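Dear colleague,

Please find the structure below.

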Amino acid sequence: MTRRKKDIKTEHVQQDKQEVTGFPIVGIGASAGGLAAFEAFFSGMPADIEPGMAFVLVQHLAPDHKSILTELIRRYTRMQVFEVKDGMVVQPNCTYIIPPNRDMAFLNGTLQLIEPVAPRGQRLPIDFFFRSLAQDQQERAIGIVLSGTGSDGTIGVREIKGEGGMVMVQNPASTEYDGMPQSAIATGLVDYEMPPAEMPAQLIAYTSHAFGKNRQLIDTKSNLSRSENILKKIFILLRAQVGHDFSEYKQSTINRRIERRMAVNQIEKIEEYVKYLQQTPAEIEALFRDLLIGVTSFFRDAEAFKVVEDIVIPKLFDDKPAGSFIRVWSSGCSTGEEAYSIAILLAEKMDSLKQIFKIQVFATDIDSNAISTARAGIYPASIAADISPERLSRFFNPETETENNCSDGVSPRAYRIHKKIRDMLVFSEQDVIKDPPFSKLDLISCRNLMIYMGGELQKRVIPMFHYALNPLGFLFLGTSETTGEFNDLFATLDRKSKIYQRKNVFNTMRYILPNCFLPHITSEEKVLQHIIPRKDDSVKMPFRELTEKILLEEVVPPSVLVNAYGDIFYIHGRTGKYLEPAPGESGISNILKMSREGLTRELTTALHNAASSKEIVRSQGVRIRTNGDFTKINLTIRPVKADFFGKGSISLSESFLYLVSLEDFAECDYEEASAKTLLTATEEVCSLSTEDIKASEGTTDQNSTIERLRQALKAREDYLQATKEELETSNEELKSSNEEMQSVNEELQSTNEELETSKEELQSVNEELATVNAELQSKVADLSRANNDMNNLLAGTGIGTVFVDHQLKILRFTPAVTRLINLILSDVGRPVGHVVSNLVGYDRLVPDIQSVLDTLIPKEVEVETTEGGRYIMRILPYRTLENVIEGAVITFTGVAG
């Protein structure tokens, strides 16, 4: 083991030499329909030049069937073709093919075979190989995805692009099955999309530009000022179109990405590339996407996530009462896999505690496409390689779509994140460099982002993270990142996993530049500012705005902008008379929790009615308790469409917000209500008869009235008790029904899982059968061609030939022999001794054939026909390729005069 580690270390030391003497490795993945794509690919290879690279074919093969793919590929290429054996060294201008029932990896120039552990139907050999190829060869890794169902290869495409490699995909129109190509194209990382026959020429052109001897690299040493000026022009073009500044990112990373884009577009000089950028806005977008490529996956770096699960996550819940907030920020979240991974760990811990906490995971990135993918929460089926089966079944829902061109009517499966986990996350576009941070966070995860930043940027980001974290909060970085010189801000919790804990330092702001997210506002406050901008008292306002400002402050009643749940977005005016801060830890303010005594019930009902009807709801004369006394107020709730604020002004999931207006109960309204009450009472008195009045006047016993009231109260209590009992009975029945439904649901889920597993296995078998069928069809065509060739050969030679088996029954014969032996087509299958011959003086044909079969010694006899023709008759054993005797061959060769 020690020696092996030393060998690997030596190989890494020699990596600089490989940059000069190495050659690209092309991994080609295919499934159903791949044989035709392979044929088209190798048939399109130029015959006059050597490609200068190695090709490794990874095909979905039946594990229990011997593959003839190697023999078939040899027909289409001049290169040497090998079926891979464990440890085989890869050479340029050669093709290597994966054997059945094996996974394959690339390590230090060799192909390593591994017995697969995943069950049949869940194996992803293309992803497995692409990942190892990307890690070993980096920018020299090239991935090609051809025809096939499913999504195998998609994660591998991300890995290759993340290491600076190149990706080609067969265009779906030319495929037999477009599942794999479509899944790869959906990543947005594909460099070329074309038919297989056109790929070799483009591949050779790319490698000659990217790795050829005459390639021109961006020189940042010999002519520093010139190179910097050119790069600044590229940064200006990027900033003008996409709004992000890359000038302070690591120069080496920027240079590699630009050189790769130059190779893709076959541009020789950096000056020409700048002109191309100016003329082609789509290329600026492509360069931007290349600069943003983030290699991510669920639970990436399993050991580090295990430390987070065991050490960090429990501490987030320590000393926190149920119902409190746990806030996490995943910065540079890319397509969301790591943010969802953290949410899954939090959900598991919360379930184990059997308590409810308010978990908020903010996930941000500057890539709008990546954020869209993360928001959708749908990932290819190949994520099963990174997630345990238990978590996959618990936190993901399988998704299946029907497609017209799938042989089994079912398209490749995908997985959608469970709603319980999705609701924990808030995704938004944010530039960690220029946009304000979130605050009061318990954990920040920023993995593999700072490795692309220059030193000055890192010095601004680390203190910002310290500022955003709660005391003793945690920072989770990538395996190649550290807090650098800021050891006074963070204590190292786990050095290997790069987990740090915030130290209590009170002068963090001295590290933060004055122009960095100042004035001090958080990301949540920034959202609110987009809704209603802050006032700037230093600027003179026109008379109209001044008038509107006074009216707002003096005439419009205190109002609060909330969502359907009561979460507060903005407060106008003085609301202290109606609202007060709720006790406990501060988080997102909620108007229902802040409402004073007497207001909560009316406010809850009115907000619910407004959310249901989307109409204005009013409640007048609501009694609330303020400063020990009850006062009456008017409550009005107005629905407001969220798009009223304009596109991009706020990222909210609600389509409606609600403006809650609170004002004192007007005196005129009170007098009007009192008058109505008095009028009603007067009418009731007038309606009384004279006898009633006299009886009332004559009644002096108050006890009877009290007794009557007590009886009425008792009847009311009895009625309420009966109603309560009925409700409890109904509730118990509903609980029982719910338990039965849950039981039925569990059984259905179990049955569904079994069906899904069977479907996966059938789909895998279907793909393997499609591959085997294609190979067998090719073999049948070969046999048919060989049969035709043999028939024409035998007929063309003019030699009479008869084939017989061990029972001396005729198997086949040539037309020339019918002149010597009276044979017709219906004689096939009859004993040769039953057929009349035209030979004179020779009647030992049957004994001679039997003698040859017994002794295996050929026999030669000169015979003569009734027409006077002379022939040499030879009898030989019929041998197969396996040297098995399966009969005899009798030939008649004419003898000249």
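Strands β2 (residues 54-59) and β5 (residues 94-97) run parallel and are joined by three bridges; two strands pair if DSSP finds at least two bridges between them. In this pairing, Leu57 stands opposite Ile97 in β5. Strands (E, at least two residues) and helices (H or I, at least four) are DSSP runs, numbered from the N terminus.

Please note that this is a predicted model, in which local features need pLDDT of at least 70 and side-chain atom pairs count only at pLDDT 80 or more, while totals for chains, interfaces and linings use all residues. Residues are numbered from 1 along each chain as its sequence is written, and side-chain values use heavy atoms, with hydrogens and water left out.

The sheet

An open sheet of seven strands, with parallel pairing, has the order β3-β5-β2-β1-β8-β9-β10. Because β3 (80-83) and β10 (192-194) stand at the edges with a single partner strand each, one side of each is left without a neighbour in the sheet. From one strand to the next, the twist averages 20 degrees; axes are lines fitted to C-alpha atoms, for helices over the stretch in contact, and angles run from 0 to 180 degrees between N-to-C directions.

Aromatic pairs

The structure holds 18 aromatic pairs. Rings of Phe, Tyr and Trp (its six-membered ring) pair if their centres lie within 6.5 Å; planes under 30 degrees apart count as stacked, over 60 as edge-to-face and the rest as tilted. The ring centres of Phe298 and Phe396 are 5.4 Å apart and their planes are at 85 degrees, so this pair is edge-to-face. Phe298 lies in the loop between α12 (281-292) and α13 (302-317), and Phe396 lies in strand β14 (residues 396-399), so the pair ties together parts that are 98 residues apart in sequence. Both Phe298 and Phe396 are buried, where buried means under 20% relative accessible area, exposed over 50%, and partly exposed in between (1.4 Å probe, protein chains only). Ring pairs also link Phe298, Tyr340, Tyr379, Phe396 and Phe427 into a cluster.

Helix α18

Which span should the 14 residues of helix α18 have? At 1.5 Å a residue, helix α18 (residues 455-468) should span 20 Å, and its end C-alpha atoms are 20 Å apart, which agrees. The expected span is 1.5 Å times one less than the number of residues. The buried residues of α18 include Leu457, Ile462 and Phe465.

Yours sincerely
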